[in-house]
Structures are given as C-alpha cells and as structure tokens.
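This report describes selected features of one protein chain. It begins with a backbone feature in a loop, then turns to the strands, the nonpolar cores and the aromatic residues.

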Amino acid sequence: MNVVIAADKSGQKLKQLIRIFLEAKENDYKIVDLSDSDIYTSTMNVVNAITNKTADRGIIVDAYAVAPFMIANKNHGIICASIYEDYTAQMTRTHNNTQIICLGAKITADNLSCKLAYNFLKSEYAGGRHQIRVDMLNRML
C-alpha cells in the first residue's frame, strides 16, 4: 500500500514515530513523506497524491488535527477525518471510505496515535449501503 504522510513543524516528532511504527508493523507499506513547514502545503501535498492516485491513503499530523481536516475536505473527491480514538479510526474508513486522517500531536498520546494510524490503514471500505453517503459527499464540491 502506498501511504503518504506529512506534518507541519508541530507534528514532525509524531510523524516520525508513526512512520517507524508502521514500517515495523508492515513490510507492505511504502511510506512517502510529503511534509512542508506550512500545514496548508503539507495537506495539499497529501491531497494531490491521493487525487492523482500516486498514494492509496494519507496521514497528516499537526498540533490539533483541525486545520488539515478543513483544508483537505475543501477538495473534490477527498474524504478526510480527524481521529482521536480507536473506534473512529476504523469506522471512518469502513463506512465513509476516508482516504486521509489527521492526528493532533498536542492532543493524542504518541502510542495511541501510532495505533490509530495503523488501524486506519488496516481497515477496508465496506461499500454497499455506505456508498450512497459517499456519493452524496463527493457531489458536494
């Protein structure tokens, strides 16, 4: 799986921990770092990789996981979620076909953030009845 990860200055340490954790867990992850010092540029680098289909999933880390969430969801065809706990990490992928998650370095513990990223990547979209909502989301922009 091709995974892109990015962070601004406040998320650099957690981004590195997540990358090390994911590479230790799975040999199948090809992780590319698209970070920039600015969260807008970091987010758009991830969005463009997903939109251009050079990556399957994206992870963005900043202080609070709010700004990249708003930036990413302003792009047509992108579904992004801010993740703070385990159940949401799995369900946002399974039910919403989320391609990108945002994690907050100042609000979520490092080890939990690593686990959330892993659970997001391991989850698969269920399709079926959920596709109606995903289609509605994709028509909004």
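Ala65 counts as buried, with a relative accessibility of 0%. The model is a predicted one. Ala65 is placed in the loop between strand S3 and helix H3 (67-73). Its phi is positive, at about 65°, although Ala65 is not a glycine. Most residues other than glycine have a negative phi. Asn97 is also not a glycine and has a positive phi, of about 55°. The loop that holds Asn97 runs between helix H4 (86-96) and strand S5.

**Strands**

Strand S1 covers residues 2-7, and five of its six residues are buried, so S1 is largely enclosed by the rest of the structure. S1 is joined to strand S2 (residues 30-33) by four bridges, and the two strands run parallel. Within this pairing, Val3 has Ile31 of S2 as its bridge partner. The chain passes from S1 through H1 to S2 in a β-α-β crossover, which is right-handed. S1 is also joined to strand S3 (residues 57-62), by five bridges and again in parallel. Here Ala6 has Ile60 of S3 as its bridge partner.

**Nonpolar cores**

The largest nonpolar core consists of 21 residues, and those with the most contacts inside it are Ile18, Leu22, Ile59 and Leu103. At least two residues of this core come from each of S1, H1, S3, strand S5 (100-104) and H5. The greatest contribution is that of H5, with six residues.

What does Ile59 contact, leaving aside its neighbours within four places in sequence? Its contacts include Val3, Val4, Ile5 and Ala6. Among the others are Ile18, Leu22 and Val46, together with Ile101, Leu103, Ala117 and Leu121.

**Aromatic residues and charges over rings**

The structure holds one aromatic pair. It is formed by Phe21 and Tyr118, whose ring centres are 6.2 Å apart and whose planes are at 85°; the pair is edge-to-face because planes over 60 degrees apart count as such. The two residues are 97 places apart in the chain, with Phe21 in helix H1 (residues 12-25) and Tyr118 in helix H5 (residues 110-122), and the pair thus links distant parts of the chain. Tyr118 has a relative accessible area of 15% and is buried, because buried means under 20%.

Two charged residues lie over the faces of aromatic rings, as listed below.

| Charged residue | Ring residue | Distance from the ring centre |
|---|---|---|
| Lys25 | Tyr118 | 5.0 Å |
| Arg57 | Phe120 | 5.6 Å |

**A buried histidine**

His130 lies in helix H6, which covers residues 130-139. With a relative accessibility of 5%, His130 counts as buried. Not counting residues up to four places away in sequence, His130 touches Thr94, His95 and Tyr125.

Note on methods:
Residues numbered from 1 in each chain as written. Predicted model: local features only at pLDDT ≥ 70, side-chain atom pairs only at ≥ 80, totals over all residues. Heavy atoms only, no water. Phe/Tyr/Trp six-rings, centres within 6.5 Å; stacked < 30°, edge-to-face > 60°. Buried < 20%, exposed > 50% of the residue type's maximum accessible area, 1.4 Å probe, protein only. Lys NZ or Arg CZ within 6 Å of the ring centre and 35° of its normal. Pairing = 2+ DSSP bridges. Right-handed = clockwise from strand over helix to strand, strands pointing away. Core = buried A, V, L, I, M, F, W, Y, C linked by side-chain atoms within 4.5 Å. Contact = heavy atoms within 4.5 Å.
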